[in-house]
Amino acid sequence: MTVNKAMNIIVVDDYNTMRRIIRNLLKQLGFDNVDEAADGGEALAKMQEKAYQLVISDWNMEPMTGLELLKLVRADEKLKLTPFIMVTAESKPENVIAAKQAGVSNYIVKPFNAETLKTKMTSVIGEF
């Protein structure tokens, strides 16, 4: 099955620069339908208004963390199957375990490049 590069993706990060970097990496990979949110609450509101086929979220945000967002997405009947990639500067095993237990689809440790993002996305949404 071919991945639709017109799919809707939401990038969630409290740093505008990081959202821009991820958006640019996605553009390099051929994905242009990218929305942004500055925190988990904003992302959740957008996800309830529009269908996204992938969430790429930072872990460390205020007031709602990426982990809290992930748990709310997985608890929502309409959103629970949405592929969710967590991005973090922390590679502590307990964080990876917590994210896995909460139902994360994959995990990326910063810094990363387009090739790493592509590999993680392929494992979650399929080959593109």
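Author: A salt bridge is a side-chain nitrogen of Lys or Arg within 4 Å of a carboxyl oxygen of Asp or Glu. The structure discussed here is a predicted model.

Reader: What is the N to O distance in the salt bridge between Arg-23 and Glu-36?

Author: Side chains of opposite charge can pair when their charged atoms come close. The side chains of Arg-23 and Glu-36 form such a contact, a salt bridge. Its N to O distance is 2.7 Å.

Reader: Which elements hold Arg-23 and Glu-36, and how many residues apart are they?

Author: The pair links distant parts of the chain. Arg-23 belongs to helix H1 and Glu-36 to strand S2, which covers residues 34-37.

Reader: Is Asp-13 buried or exposed?

Author: A residue counts as buried when its relative accessible area is under 20%. The relative accessibility of Asp-13 is 1%, so Asp-13 is classed as buried.

Reader: Why does the salt bridge between Asp-35 and Lys-50 tie together separate parts of the chain?

Author: The side chains of Asp-35 and Lys-50 meet at 2.8 Å, N to O. Asp-35 lies in strand S2, whereas Lys-50 lies in the loop between helix H2 (40-49) and strand S3 (54-58), so the parts tied together are 15 residues apart in sequence.

Reader: Which residues do salt bridges that share partners join into one network?

Author: The structure holds nine salt bridges. Some of them share partners and so build one network, whose members are Asp-13, Asp-58 and Lys-110.

Reader: Where does Pro-111 lie, and what is the omega of the peptide bond from Lys-110 to Pro-111?

Author: Most peptide bonds are trans. The bond from Lys-110 to Pro-111, however, is cis. Pro-111 lies in the loop between S5 and H5, and the omega of this bond is near -10 degrees.

Reader: Which loop holds Pro-63?

Author: The peptide bond from Glu-62 to Pro-63 is cis, with omega near -5 degrees. Pro-63 itself is found in the loop between S3 and helix H3 (66-75).

Note on methods: Residues numbered from 1 in each chain as written. Predicted model: local features only at pLDDT ≥ 70, side-chain atom pairs only at ≥ 80, totals over all residues. Heavy atoms only, no water. Buried < 20%, exposed > 50% of the residue type's maximum accessible area, 1.4 Å probe, protein only. Helix = DSSP H or I, 4+ residues; strand = E, 2+ residues; numbered from the N terminus.
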